Amino acid sequence: MTYLRAFAAFWWDFIVGDDWRVAAGVAAGLAITAFLAHRDLAAWWVLPTTVALVLTVSLRHSTRRDG
Amino acid sequence: MPTIGVVTHDLLLFLATFLASGVEAVEALTIVLAVGVVRGWRSPLIGVAAAAVVLAVIVAVLGPALRLLPIDTLRLVVGALLLVFGLQWLRKAILRSSGYKALHDEGAAFAAEREQATRVGRGAPTGMDWYSFTVAFKGVLLEGLEIVFIVVTFGAAQARVAFAAAAALTAVALVVVAGIAVRSPLERVPENTIKFAVGLLLTSFGIFWGGEGAGVNWPGSEAAILAILAFLSLLSFALVRQLRRQRHAALPAGAGA
């Protein structure tokens, strides 16, 4: 069980990293993009906007926490 | 125009894989050098070889397995992974550039690893030094996993695992040759700048492929990757400037002078 937990923790850290908000934001951005694209609406702007928002929020959180 | 886009795409793919692999190889080299210099070369080199075999097996298994997925699903998965992974690199690079996180220093990493290797006791002088083996194996495997991740995802999304692997192997070979030549950590490699560039490239490809996988038709087709890269570069530059100002403002009067 400890081994499994360590294994899961390693992959969580490897893929998700320090801030889960980044992964959550990316998932939301991709979902909105797919939603718009499959209704033949312009969707190319969603991911760049998502990345700008997610990066700004994550950095703000990190710099406030670390002082 | 599409030809220019495809060539640019390939060039950026090679550059991203080459730079990411190079910077990870520099970090792995520092660990192996520190252990080898203090405790002898046989055991760490066996550790390096064992890790290289494990990494090669992962590429050989994962590369073809990913290509069994339909191309849109593959690009969506690869795009999502690259986005999350690239944003990790970019976030750390922005924090380093703005002074909120210490710059990575190979000299300091080498000194710390060497000190630790000196303190740990040795086994029989003729047998395997398991400390050296384990440190080298773990160092190369962990740093190498990032290279494998990039090679497999880039290669699978473009159906060019061999091309991405060639870029990675070229970078690793260059770092190894340089390491053998100087026999000390490669402190002059501008690691922090390279990591910034890799973060920008991985995130750009993540946006492009993630978007394609989700059904986006990019304006300008393959050439859109350059516009995404330019947008991310400007955004990162602005964030670094803003965070530097924020940090400077938070310092006590006279501390930043």
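Two residues are in contact if their C-beta atoms, placed from the backbone, lie within 7 Å.

## Model and numbering

This is a predicted model: local features need pLDDT of at least 70, side-chain atom pairs count only at pLDDT 80 or more, and totals for chains, interfaces and linings use all residues. Residues are numbered from 1 along each chain as its sequence is written, while chains are lettered from A and ligands numbered from 1 in the order in which they are written.

## Chain A against chain B

The contact draws 25 residues from chain A and 28 residues from chain B. On the chain A side, α2 (20-37) and α3 (46-66) each supply at least two residues. Helices here are DSSP runs (H or I, at least four residues), numbered from the N terminus. α3(A) gives the largest share, 12 residues.

By class, the side of chain A that touches chain B holds 17 nonpolar, 7 polar and 1 charged residues. Ala, Val, Leu, Ile, Met, Phe, Trp, Tyr, Cys and Pro count as nonpolar; Asp, Glu, Lys and Arg as charged; the others, Gly among them, as polar.

## α3(B) and α8(B)

Helix α3 (residues 71-97) and helix α8 (residues 224-250) of chain B have axes that come within 9 Å and cross at roughly 40°. Axes are lines fitted to C-alpha atoms, for helices over the stretch in contact, and angles run from 0 to 180 degrees between N-to-C directions. The pair is therefore oblique. Angles under 35 degrees count as roughly parallel, over 145 as roughly antiparallel, 65 to 115 as roughly perpendicular and the rest as oblique.

B:L90, B:I94 and B:S97 of α3(B) meet B:S236, B:L239, B:V240 and B:L243 of α8(B). These contact residues split into 5 nonpolar, 2 polar and no charged. α8(B) buries B:S236, B:L239 and B:L243, among others. A residue is buried if 20 or more other C-beta atoms lie within 10 Å of its own, with C-beta atoms placed from the backbone.

Helix α2 (residues 42-66) of chain B has 25 residues and reaches 36 Å from first C-alpha to last, close to the 36 Å expected at 1.5 Å a residue. The expected span is 1.5 Å times one less than the number of residues. Its buried residues include B:P44, B:V48 and B:V59.

The axes of α2(B) and helix α5 (residues 130-158) of chain B come within 8 Å and cross at roughly 25°. These two helices are therefore roughly parallel. Their contact has 21 nonpolar, 7 polar and no charged residues.

Key. Buried ≥ 20, exposed ≤ 12 C-beta atoms within 10 Å, placed from the backbone.
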